[in-house]
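Trainee: Could you walk me through this chain? I would like to ask about its parts one at a time.

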Amino acid sequence: MPVYEYRCEECGHIFDQLRPMDEMDESINCPQCGSQHTKRKMSVFGVGSSGGESGCQMTGGSKPPSCGG
């Protein structure tokens with residue numbers, strides 16, 4: 001099951017929740033204030049490489065990964 005990130009529209013609390021994919025956009029209670037006025041956020045994820053010949057290397061800092069070419 002994937003982990004989704006949500007933001008409460010009432011108190012602004014941001015939280016993660018493990019949920020089935022078919023329930024990702026259904027309402028969920030905020031663990032801080034109990035409101036059901038929550039929205040799923042677009043989450044950023046990282047991809048790492050152990051090097052080798054994959055073509056991508058993490059550059060560190062605020063730069064995006066360098067994918068050979």
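**A walk through the chain**

Mentor: Let us begin with D16, which is exposed, with a relative accessible area of 52%; exposed means over 50%, buried under 20%, and partly exposed in between, using a 1.4 Å probe and protein chains only. Please keep in mind that this is a predicted model, where local features need pLDDT of at least 70, side-chain atom pairs count only at pLDDT 80 or more, and totals for chains, interfaces and linings use all residues. Residues are numbered from 1 along each chain as its sequence is written, and side-chain values use heavy atoms, with hydrogens and water left out.

Trainee: Thanks! In which strand does D16 lie?

Mentor: Strands here are DSSP runs of E with at least two residues, numbered from the N terminus. By that count, D16 belongs to β2.

Trainee: Which residues does D16 touch, not counting those up to four places away in sequence?

Mentor: Contact means heavy atoms within 4.5 Å. Leaving out residues up to four places away in sequence, D16 touches V3, Y4 and E5.

Trainee: How far apart in space are D16 and P31, C-alpha to C-alpha?

Mentor: In sequence, D16 and P31 are 15 residues apart. In space, their C-alpha to C-alpha distance is 9.9 Å.

Trainee: What is the order of the strands in the open sheet of three?

Mentor: Two strands pair if DSSP finds at least two bridges between them. The edge strands, pairing on one side only, are β2 (14-18) and β3 (38-40). With antiparallel pairing, the order is β2-β1-β3.

Trainee: How many bridges join β1 to β3?

Mentor: Strand β1 covers residues 3-8 and runs antiparallel to β3. Across this pair, R7 stands opposite K39. The number of bridges joining β1 to β3 is three.

Trainee: Which residues form the nonpolar patch on the surface?

Mentor: A patch takes residues with over 30% relative accessible area and no salt bridge, joining nonpolar side chains (Val, Leu, Ile, Met, Phe, Trp, Tyr) within 5 Å; a salt bridge is a side-chain nitrogen of Lys or Arg within 4 Å of a carboxyl oxygen of Asp or Glu. One member, in the segment before β1, is M1, exposed at a relative accessible area of 67%. Together the members have about 340 Å² of accessible area (Shrake-Rupley method, 1.4 Å probe). They are M1, V3 and L18.

Trainee: Finally, what percentage of the chain's residues count as buried?

Mentor: The chain has zero helices and five strands. Of its 69 residues, the buried share is 13%.

Methods: Helix = DSSP H or I, 4+ residues; strand = E, 2+ residues; numbered from the N terminus. Patch = residues over 30% accessible without salt bridge, like charges linked within 9 Å, V, L, I, M, F, W, Y side chains within 5 Å.
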